[in-house]
Amino acid sequence: MADHQGRGRPALAGITLGCDYNPEQWSPSVWLEDVALMTVAGIDLVAINIFGWSDLESQPGRYDFDRLDAVIELLHANGIAINLGTATASPPPWLSAQHPEILPVAADGTRRFPGGRQAWCPSSPVYRRHALALVEQVAKRYGRHPGVVLWHVSNELGCHNALCYCDVSAEAFRAWLRQRYGTIAALNSAWGTAFWSQRYHDWAEIQPPRATLSAGNPTQILDFHRFSSDALLDCHQAEAEVLRRHSDAPVTTNFMVTAHIRNLDYWSWAPHVDIVANDHYLDHRLDDPTAELSFAADLTRGLSGGEPWMLMEQAAGAVNWQPYNLAKTPGQMLRNSLTHVARGADSISFFQWRAAPYGAEKFHSALVPHAGTDTVAWREVLHLSAVLKRLREVAGTRVLADTALVFSWPSWWAADGDGRPSEAVRYLDQVHAVYNELRKLGVTVDVVAPGADLSAYRLVAIPCLYAVSDADATRINEYVAGGGHAVVTFFSGIADEKDHIRLGGYPGAFRDMLGISVEEFFPSEPGRTFGLSTGGRAGLWAENLRLTTATALTRYTDGPLPGVPAVTRNTYGDGTGWYIATALDTTTLRDVLRQAVETAWVPATGPEGDGSVEVVRRADGERRYLFAINHGTTTVELPATGHELVDDQPITGTLRVGAGQVRVVREDRAR
């Protein structure tokens with residue numbers, strides 16, 4: 001976690017409970033009721049002024065802080081700390097009316113109009129000038145207020161406007177490219193512009209990757225993703241700089257580490273926030289939303305360098321933006337929340353406090369639902385609050401993990417691009433497949449960047465790492481040579497960071513470490529499978545694989561490549577490299593990962609199963625806590641000795657976790 005000028009986590013004790021509040025949507029009489037209810041619910045931290053721009057600045061340079069003053073004083077007087085937004089997420093109508101050039105442009109050249117949110121181009125100097133003027137006013141007014149313990153820059157930066165293709169963005173993109181490559185010749189080399197007569201002779205000729213009649217230049221597209229992530233980071237940094245001039249409170253923004261958002265490379269963002277914060281919502285479009293929640297929490301912890309982090313937003317019940325917005329079942333709010341806590345969150349917050357009666361999110365759930373407080377939902381809020389208060393001593397501890405999974409946003413962008421061997425092979429699907437089977441084995445996973453120090457891990461999983469730099473690949477290979485264990489899956493090591501294919505045989509960067517060479521890919525249609533010599537099935541992908549120093553563990557029995565190895569193992573230096581050359585069925589994938597886990601002597605934190613029971617440990621030098629979360633329908637028993645915190649009772653050898661329950665044990669130090 002970054003530490004700018006001595007800043008760190010907000011000065012709040014324990015595992016905090018918070019919410020997002022929009023007082024501008026309500027009358028002052030409702031504010032009084034809300035703050036009284038917040039006190040009853042044990043709310044520690046409230047995010048306000050997230051979408052307050054039009055309320056604060058009704059006309060250019062005409063500021064009115066009376067309402068915000070009153071809300072801040074009301075919260076502070078009642079002992080509720082404030083996470084104060086800069087209000088720049090969505091410009092007021094007057095700004096786009098006077099300066100329509102700030103509006104974003106889509107890849108097809110059409111301009112997007114106001115009426116929703118984030119209707120601004122990240123590279124627009126006009127937007128930036130007006131936004132920073134507002135931030136200056138907010139920071140000067142509240143920078144030293146004792147109730148403001150955290151600053152919240154904008155909101156979900158890039159959720160809707162990450163990629164803008166306007167002429168202003170084009171000029172900013174060219175400036176970014178000049179800084180990255182230095183010369184037009186270097187850019188031509190990196191982009192492979194000898195292909196399709198794309199060679200540039202002047203920077204002015206370069207455009208964003210707007211809609212084309214054929215496939216575009218893949219490196220141009222990859223660099224535009226990098227540029228767009230950096231452009232939004234520049235917006236964050238500009239606001240943060242203003243805040244830090246006027247305040248010593250930590251500064252953050254809410255990341256969106258989740259399955260349906262991929263436009264920002266948060267490894268490059270994380271060093272620039274004082275505390276890593278994430279928004280996460282269950283996505284019922286996925287096969288296993290609960291497993292994805294755990295993965296997102298582990299990835300957020302990775303962004304925080306293993307330090308405690310903050311869940312800035314989650315839903316109390318249903319969201320409003322999925323095709324089918326499923327409500328949470330009884331107890332699910334507690335289980336979801338404590339899954340985040342188990343995986344490193346020291347602050348649990350919700351969008352939103354009170355359900356809105358109008359607007360695009362009027363059917364989004366809230367801590368106070370439309371039906372009010374005489375509801376099951378409100379009683380679950382009170383129960384969660386009570387549980388978090390009992391867990392206050394857990395704050396500050398770190399999650400214990402012996403296994404790492406390498407994750408890369410640029411590899412995600414590149415692997416899912418056009419012109420690949422199979423559009424059915426999606427990066428995040430392959431990442432989730434490996435993570436989910438490790439989770440079912442009871443293995444806790446740290447999610448790390450490709451260039452991370454791997455020396456502390458017994459086992460490293462590397463799923464579908466299509467694009468990887470020489471330096472990052474060398475670090476992985478040296479980890480194995482030094483005695484580490486790595487499991488690499490297909491479509492990894494294929495290209496460098498410029499999306500240029502590594503010649504000499506796949507999997508390129510990891511060919512020697514894995515002891516194999518692949519001549520050709522054999523993707524197959526979704527739904528078609530082929531047999532394996534171990535009795536399992538595989539599909540989606542196969543490779544004409546030749547062993548050099550590796551040993552075959554599984555071979556195809558039919559399909560396009562009968563007799564060819566599908567899973568291999570290789571001794572490399574003092575370590576072992578495993579390669580999975582196809583999309584294995586879940587049972588076979590788990591069997592292979594189990595072998596790797598056992599060979600690497602990775603201790604399982606919890607029992608092997610279907611993933612319905614999660615067991616994770618947090619610890620520091622003096623304390624150790626076991627989190628057991630039962631998402632299933634039957635009671636499980638786990639070995640444990642210590643004191644259970646949720647129900648406040650001693651545990652002597654066996655911990656019973658009922659269906660849908662969560663248990664947290666302060667373990668005896670002897671364990």
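**Exercise 1. Determine how the length of helix H6 compares with its expected span, and which of its residues are buried.**

Solution. Helix H6 comprises residues 167-181, where helices (H or I, at least four residues) and strands (E, at least two) are DSSP runs numbered from the N terminus. Its 15 residues reach 21 Å from the first C-alpha to the last, close to the 21 Å expected at 1.5 Å a residue; the expected span is 1.5 Å times one less than the number of residues.

The model is a predicted one, in which local features need pLDDT of at least 70, side-chain atom pairs count only at pLDDT 80 or more, and totals for chains, interfaces and linings use all residues. Residues are numbered from 1 along each chain as its sequence is written, and side-chain values use heavy atoms, with hydrogens and water left out.

The next step is burial, where buried means under 20% relative accessible area, exposed over 50%, and partly exposed in between (1.4 Å probe, protein chains only). In H6, the buried residues are Ser169, Ala170, Phe173, Arg174, Trp176, Leu177 and Tyr181. They cover an arc of only 165° around the axis, and therefore lie on the same side of H6; the arc is that of the directions from the helix axis to the C-beta atoms. Their cover includes helix H7 (184-191) and helix H8 (218-246). Just after H6, Gly182 takes a positive phi of about 80°.

**Exercise 2. State which residues of helix H12 are buried and what covers them.**

Solution. H12 spans residues 376-390. With 15 residues, H12 reaches 21 Å between its first and last C-alpha, close to the 21 Å expected at 1.5 Å a residue. Its buried residues are Trp378, Glu380, Val381, Leu384, Ser385, Val387 and Leu388. The elements covering them include strand E1 (16-20), helix H1 (28-41), H11 and strand E11 (345-350).

Within strand E11 lies Asp346, which counts as buried at 1% relative accessibility. The C-alpha atoms of Asp346 and Val399 are separated by 12 Å, although these residues are 53 apart along the chain.

**Exercise 3. Describe the geometry of the aromatic pairs Tyr281–Trp321 and Phe530–Tyr556, and locate their members.**

Solution. A pair of aromatic rings is described by the distance of the centres and the angle of the planes. Rings of Phe, Tyr and Trp (its six-membered ring) pair if their centres lie within 6.5 Å; planes under 30 degrees apart count as stacked, over 60 as edge-to-face and the rest as tilted. The whole structure holds 33 aromatic pairs.

Tyr281 and Trp321 form an edge-to-face pair, at 6.3 Å centre to centre and 90° between the planes. Tyr281 lies in the loop between strand E9 (277-279) and helix H10 (289-303), and Trp321 in the loop between strand E10 (309-313) and helix H11 (332-342), so the pair ties together parts that are 40 residues apart in sequence. Tyr281 is buried at 9% relative accessibility, whereas Trp321 is partly exposed at 31%.

Phe530 and Tyr556 are also edge-to-face, with 5.5 Å between centres and 75° between planes. Phe530 belongs to strand E18 (residues 529-531) and Tyr556 to the loop between strand E21 (551-555) and strand E22 (565-572), 26 residues apart. Phe530 is buried with a relative accessible area of 0%, and Tyr556 is buried with 3%.

A cluster linked by ring pairs includes Phe255, Tyr266, Trp267 and Trp269.

Conventions. Contact means heavy atoms within 4.5 Å.
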